[in-house]
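Hi,

Here is the structure I promised to send over.

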Amino acid sequence: MTITTVRGVRDILPEEMVVWHALEQSARQIFTAYGYREIRTPLFEKTELFARAVGATSDIVEKEMYTFSDRGGDSLSLRPEGTASVVRSFIENNLHRSLPWAVYYMGPMFRYERPQKGRYRQFHQMGCELFGAEGPLADAEMMAMILRLLRTLQIDDSLTLEINSLGCGTCRAPYREGLFAFLQARQEQLCDNCRQRLQRNPLRILDCKNEGCRAIARQAPAMKDALCVGCADHFSGLQALLDGMGLPYTVNPLMVRGLDYYTRTAFEVTTTALGAQNAVAAGGRYDGLVAEMGGQAVPAIGFAMGMERLALLLEGKRAGKSGQVGNYLVAVGDAATRQALLLAEEWRAAGVPLQMDWLGGSLKAQLRRADRAAASQVLILAERELAERAVLVKDMRDGGQRLLPWEEVAAVLGALR
Ligand SMILES: [Zn+2]
Ligand SMILES: [Zn+2]
């Protein structure tokens, strides 16, 4: 019996990594250009962190977390999302003294969900968190940054930016009561799932996918009409800034986001590039979370993007561009092979990117492997070249070849910086 991966988990093979690298590189460039710096938090945390930050009654914490006791008896969980750890780190490292604080992360997250195409139990997210900026400027700029990243990746067809306001501690409680009363009066028309969450989280019913629930949700009172003055100003300020930047958006009063900690601005960027309307980025403001987690009250906003979906979108755009080695060194015969190892080290030290053929054998066999590795140039060292202290450089694109003395290789082919 061979051992396979755990259900819902997969390898990202080298052929796919080309797309992942392109994705990660563009994201790093854009995030850095906007002033965000990378943070790497642990893959596992105390279970209590997610229970408090994400919400003990959320689907994620109740049904989807990988929770286990370690050998010391502590309850730990693999991170199901990135924000909780960043907030924990912000508080733990006393970063309220160095506001504003802007960070990005990328890496694996873990949720025990039913595996489907494109959905895995270990999946990857990248995202940004900005602490200390209270006004709508931060919100608008963050949305512009996401759209810029997507345009850089050429994932810019049929993008939609949807925004909503979820209110704050002051205005959400009375709204929630009104919504609860509205939904309770219609509870026999709700799906089973929604009837169950009516008490605990009536807001989530607004984004239920069930047709019956959607019909009711469309008639339900909207949060955006129940905002307090501060929240209403923030929301209209955000729309004015988006208008000013010429970024098209739609207000979606039914978008409530899955996590309990959001306040005021919530947003999603969706695309139809993979068929159905799919979110490629989602986020929002969480002004109350830091204080709730035991820190000093600090306004904050963030978003996350699922990297599997972005990789899938990129794959279509970049078909044919596989991983490439630049130069490929082929040696024929024992003496040439021994010399090739020494020369390869010498040239690499001088800045020449160079892959050596690892298997040896006939020139023909080695050239075939060079071709499969998509080498742009092959350096051939056989008996004749060894005697002349030169290599035959063969261009794999046009087939042209020339003899190059060893001492000139670094100057001609050096590219590593
Ligand atoms: Zn409010
Ligand atoms: Zn429902």
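Below is what I found, going from the overall layout to the individual pieces.

Before anything else, please keep in mind that this is a predicted model.

**Overall layout**

The chain splits into two domains: domain 1 covers 14–168 + 228–317, and domain 2 covers 327–413. Taken over C-alpha atoms, their centres are 48 Å apart.

Start with helix H1 (residues 14–33), which packs against helix H5 (residues 136–152). The angle between them is about 145°, and their axes are 10 Å apart. If you like handedness, this crossing of H1 and H5 is right-handed. On the H1 side the contact is made by Ser-26, Ala-27 and Ile-30, while H5 brings in Met-145, Arg-148, Leu-149 and Thr-152. Sorted by class, that makes four nonpolar residues, two polar ones and one charged one.

While you're looking at H5, find Met-143, which lies in that helix. Is Met-143 buried or exposed? Its C-beta has 24 others within 10 Å, and 20 or more is the cut-off for buried, so Met-143 counts as buried. Setting aside neighbours within four places in sequence, Met-143 is in contact with Leu-161, Leu-242, Leu-247 and Phe-267. Leu-242 sits 99 residues away from Met-143 along the chain, yet their C-alpha atoms are separated by 8.7 Å.

**Strand S6 and its partners**

Next, strand S6 (residues 122–131). Nine of its ten residues are buried, so S6 is largely enclosed by the rest of the structure. S6 pairs antiparallel with strand S5 (residues 101–110) over ten bridges. To locate that pairing on screen, click on Tyr-105, whose bridge partner in S6 is Gly-127. S6 is also joined to strand S11 (residues 300–306), again antiparallel, by seven bridges. There, Cys-128 stands opposite Phe-303 of S11.

**The three-stranded sheet**

There is an open, antiparallel sheet of three strands in the order S2-S4-S3. Strands S2 (44–46) and S3 (67–69) are the edges, each pairing on one side only. From one strand to the next the twist averages 35°. Three bridges hold the antiparallel pairing of S2 with strand S4 (residues 75–78), and one pair to look for is Phe-44 with its bridge partner Leu-78 in S4. Helix H2 (residues 47–55) lies across S2, S3 and S4, and runs at about 80° to S2.

**The five-stranded sheet**

The other sheet I'd point you to is open as well, with five strands ordered S13-S12-S14-S15-S16 and mixed pairing. Its edge strands are S13 (354–356) and S16 (401–405), each with pairing on one side only. On average, neighbouring strands here are turned by 30° against each other, ignoring direction. Within the sheet, strand S14 (residues 377–381) runs antiparallel to strand S15 (residues 390–395), and four bridges join them. Leu-379 has Val-393 of S15 as its bridge partner. Helix H15 (residues 406–413) packs on this sheet, where H15 touches strand S12 (327–331), S15 and S16. The direction of H15 makes about 115° with that of S16.

Cheers

Technical notes. Residues are numbered from 1 along each chain as its sequence is written. Chains are lettered from A and ligands numbered from 1 in the order in which they are written. This is a predicted model: local features need pLDDT of at least 70, side-chain atom pairs count only at pLDDT 80 or more; totals for chains, interfaces and linings use all residues. Axes are lines fitted to C-alpha atoms, for helices over the stretch in contact, and angles run from 0 to 180 degrees between N-to-C directions. Helices (H or I, at least four residues) and strands (E, at least two) are DSSP runs, numbered from the N terminus. A crossing is left-handed if the near helix is turned anticlockwise from the far one by less than a right angle, and right-handed if clockwise. Two residues are in contact if their C-beta atoms, placed from the backbone, lie within 7 Å. Ala, Val, Leu, Ile, Met, Phe, Trp, Tyr, Cys and Pro count as nonpolar, Asp, Glu, Lys and Arg as charged, and the others, Gly among them, as polar. Two strands pair if DSSP finds at least two bridges between them. A residue is buried if 20 or more other C-beta atoms lie within 10 Å of its own, exposed if 12 or fewer, and partly exposed in between; C-beta atoms are placed from the backbone. Domain bounds come from an automatic or database domain assignment.
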